[in-house]
Amino acid sequence: MDEKSQNTEVHNNKEKQLDEETLFVVSQTFKALSDPTRIRILNLLCTDEHSVNDIAEILDLGQSTVSHQLRFLKNLRLVKYRREGTTIYYSKDDDHIMNLLMQAIEHATHN
């Protein structure tokens with residue numbers, strides 16, 4: 001490889017490097033997807049919105065556990081919420097991550 005080609009390759013590799021904020025967000029996203037409880041919550045929210053009480057009941061989890069996990073997911077913008085009276089309903093906020101989750105589930109269940 002000549003010197004010009006090497007310089008071009010080095011330049012292209014530098015352009016592909018990720019900044020610190022992007023690295024952090026990506027690692028936090030994978031951290032979110034590495035927890036079984038958060039996966040169960042996200043899987044439930046893939047199809048419809050639910051209140052904390054609904055999620056806790058459907059997944060047989062404590063309300064404090066669900067609230068804690070939803071706060072983590074909300075901070076990563078993976079879920080969003082809306083208030084109706086005194087009830088807060090959560091739903092998916094990022095189709096990219098939901099698609100990634102569904103692909104991972106499909107991969108895991110593929111024979």
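Visitor: Is D60 buried or exposed in this model?
Guide: In this predicted model, D60 sits in the loop between α4 (52–59) and α5. Because exposed means over 50% relative accessible area, the value of 70% places D60 among the residues that count as exposed.

Visitor: Where is R77, and what is its phi?
Guide: The place of R77 is in the loop between α5 and β2, and with a relative accessibility of 63% R77 counts as exposed. R77 is not a glycine either, although its phi is positive, with a value of about 60°.

Visitor: Which residues does Q69 contact, leaving aside its neighbours within four places in sequence?
Guide: Q69 belongs to helix α5 (residues 63–75), and its relative accessible area of 9% means that it is buried. Once the neighbours within four places in sequence are left aside, the residues in contact with Q69 are D35, T37, R38 and I41.

Visitor: Which residues of helix α3 are buried, and how wide an arc do they cover around the axis?
Guide: Within helix α3 (residues 36–45), the buried residues are T37, R38, I41, L42, L44 and L45. They lie on the same side of α3, because the arc that they cover around the axis is only 160°.

Visitor: At the start of α3, which residue has a side-chain oxygen that reaches the backbone nitrogen of T37?
Guide: T37 is one of the buried residues of α3, and T37 is also among the contacts of Q69. At the start of α3, the backbone nitrogen of T37 has a side-chain oxygen within 3.0 Å, and that oxygen belongs to D35.

Visitor: How many salt bridges are there?
Guide: One of the salt bridges pairs E49 with R82, another joins the side chains of R82 and E84, and K92 forms one with D95. The criterion is a side-chain nitrogen of Lys or Arg within 4 Å of a carboxyl oxygen of Asp or Glu, and by this rule the count comes to three.

Visitor: What is the distance between the closest N and O atoms of E49 and R82, and which parts does the pair tie together?
Guide: E49 lies in the loop between α3 and β1 (50–51), whereas R82 lies in strand β2 (residues 79–84), so the pair ties together parts that are 33 residues apart in sequence. Both partners are partly exposed, E49 at 25% relative accessibility and R82 at 34%. The closest N and O atoms of this salt bridge are apart by 2.4 Å.

Visitor: Which residues does Q28 touch, not counting residues up to four places away in sequence?
Guide: Q28 has its place in helix α2, and since its relative accessibility is 16%, Q28 counts as buried. If residues up to four places away in sequence are not counted, Q28 touches F72 and L76.

Visitor: How far apart in space are L100 and L33, C-alpha to C-alpha?
Guide: L100 is found in helix α6 (residues 95–109), and leaving aside its neighbours within four places in sequence, it is in contact with F30 and L33. Although L100 and L33 are 67 residues apart in sequence, their C-alpha separation in space is 9.5 Å.

Visitor: Which residues form the nonpolar patch on the surface, and what accessible area do they have together?
Guide: L100 is partly exposed, with a relative accessible area of 33%, and F30, one of the residues in contact with L100, is found in helix α2 (residues 20–32). The nonpolar patch on the surface is formed by V26, F30 and L100, and their accessible area together is about 250 Å².

Notes:
Residues are numbered from 1 along each chain as its sequence is written. This is a predicted model: local features need pLDDT of at least 70, side-chain atom pairs count only at pLDDT 80 or more; totals for chains, interfaces and linings use all residues. Side-chain values use heavy atoms; hydrogens and water are left out. Helices (H or I, at least four residues) and strands (E, at least two) are DSSP runs, numbered from the N terminus. Buried means under 20% relative accessible area, exposed over 50%, partly exposed in between (1.4 Å probe, protein chains only). Contact means heavy atoms within 4.5 Å. The arc is that of the directions from the helix axis to the C-beta atoms. A polar contact is a pair of N or O atoms within 3.5 Å; within protein, one must be able to donate a hydrogen and the other to accept it, and residues adjacent in sequence count only if both atoms are side-chain atoms. Patches are made of residues with over 30% relative accessible area and no salt bridge: like charges are joined within 9 Å, nonpolar side chains (Val, Leu, Ile, Met, Phe, Trp, Tyr) within 5 Å. Accessible areas come from the Shrake-Rupley method with a 1.4 Å probe; for residues, only the protein chains shown count as cover.
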